Amino acid sequence: MTAGKLAFSTFAVLLSACATTEKGSMTMSLPAVPTPEDARAVSPALAHNTDSLLLGEVWKRPGLSPRDRSLVTLAVLISRGQTVEMAYHFNRALDNGVTPLELSETINHLAYYSGWGNATATLLIAKEVFAGRSIGVDQLAPVSPARLPLDEAAEQARVAQVDNNVGPVAPGLVEYTTKALFRDLWLRPGLAPRDRSLITVSSLVANGQVAQVTFHLNRAMDNGLKQSEASEMLTQLAFYAGWPNTFSAVPVFKDVFSKRQEG
């Protein structure tokens, strides 16, 4: 058996284990999605604010495209394992111009930045959305595409810093940071470097991991994200990741903006 077939078989066993009880009966089902009527029956204010404020106002702000808002929002939902709204936002993302390949690659990317379990939790939901739109596997991210070119100078600088700071503590982590992330994941062409940075920063803010934001926000802006877009991303994140996580990231964003303006 080849390594690829072995890896696929192992993953299949993992998913099967998640989907069965001790007696072997299927237990995994798609999450129940509350209707607007459900919301009004429990929290009329939430129902009203969802329609008038979030969907009626925030999503229509001009500082960030609807496509980017969808990527930011999905990054939050996937990174926090919040599956109830995923089907709606997968469909909205496709309507907003995110391609099936980009959605497939987003899930793969966020496995590394929010954990394998969170990415796996999206699979059945995305599968149902894709099936409903007749999206086939030929439209999704391939296993081994030709990689984008690597900026060797920037990569060597990153490697030196990580080797110095992390190597003495966790050499295995250093190995896979280089091999799996920066010489593989970040070079996959299914999602533009700017968009990878967009969802990475969104994931970090959503999970309160501000220590990593400086590096990745700078990388995002090097990859083409405008300061005005990064600023508006915080507005979107406040509604989906919560005000505390977003406010905790503001000083980091401010510092990055200031230092880049200073040159």
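1. Buried residues, meaning those under 20% relative accessible area with a 1.4 Å probe and protein chains only (exposed is over 50%, and partly exposed lies in between), make up 38% of the 263 residues in the chain. The model is a predicted one, in which local features need pLDDT of at least 70 and side-chain atom pairs count only at pLDDT 80 or more, whereas totals for chains, interfaces and linings use all residues. Residues are numbered from 1 along each chain as its sequence is written, and side-chain values use heavy atoms, with hydrogens and water left out.

2. On the overall fold, the secondary structure comes to 14 helices and zero strands, where helices (H or I, at least four residues) and strands (E, at least two) are DSSP runs numbered from the N terminus. Of the contacts in the chain with a separation of 6 or more, 73% are between residues 24 or more positions apart, a contact being heavy atoms within 4.5 Å.

3. The largest nonpolar core has 50 residues, and Phe 90, Leu 103, Leu 217, Met 233 and Phe 253 touch the most other members; such a core is a set of buried Ala, Val, Leu, Ile, Met, Phe, Trp, Tyr and Cys residues joined through side-chain atoms within 4.5 Å. Two or more residues each are given to this core by helix 4 (66-79), helix 5, helix 6, helix 8 (123-132), helix 11, helix 12, helix 13 (227-241) and helix 14 (243-262). Helix 4 supplies the largest share, seven residues. As general background, nonpolar side chains tend to be buried together in soluble globular proteins.

4. Helix 5 (residues 86-95) and helix 6 (residues 100-114) have axes that come within 10 Å and cross at roughly 135°, the axes being lines fitted to C-alpha atoms, for helices over the stretch in contact, with angles running from 0 to 180 degrees between N-to-C directions. That angle makes helix 5 oblique to helix 6, since angles under 35 degrees count as roughly parallel, over 145 as roughly antiparallel, 65 to 115 as roughly perpendicular and the rest as oblique. The crossing of helix 5 with helix 6 is right-handed; a crossing is left-handed if the near helix is turned anticlockwise from the far one by less than a right angle, and right-handed if clockwise. Phe 90, Ala 93 and Leu 94 of helix 5 meet Pro 100, Leu 103 and Ile 107 of helix 6. By class, this contact has six nonpolar, no polar and no charged residues, where Ala, Val, Leu, Ile, Met, Phe, Trp, Tyr, Cys and Pro count as nonpolar, Asp, Glu, Lys and Arg as charged, and the others, Gly among them, as polar.

5. Helix 11 (residues 193-206) packs on helix 12 (residues 213-222) at an angle of about 155°, with the axes 9 Å apart, which makes helix 11 roughly antiparallel to helix 12. Helix 11 passes helix 12 in a left-handed crossing. Among the residues that make the contact are Thr 200 and Leu 204 of helix 11 and His 216 and Leu 217 of helix 12. The contact of helix 11 with helix 12 has six nonpolar, three polar and one charged residues.

6. Helix 11 also meets helix 13, their axes coming within 10 Å and crossing at roughly 45°, so that helix 11 is oblique to helix 13. This crossing of helix 11 and helix 13 is right-handed. The residues in contact include Arg 194, Leu 198 and Val 201 of helix 11 and Glu 229, Met 233 and Leu 237 of helix 13. By class, the contact of helix 11 with helix 13 has seven nonpolar, one polar and two charged residues.

7. Thr 200, which lies in helix 11, counts as buried at 0% relative accessibility, and, leaving aside residues up to four places away in sequence, Thr 200 touches His 109, Tyr 113, Trp 186 and His 216. Asp 195 and Leu 225 are 30 residues apart in sequence and 8.4 Å apart in space, C-alpha to C-alpha.

8. A last point concerns backbone geometry. Ser 134, found in the loop between helix 8 and helix 9 (152-165), has a phi near 55°, a positive value in a residue other than glycine. At 64% relative accessibility, Ser 134 counts as exposed.
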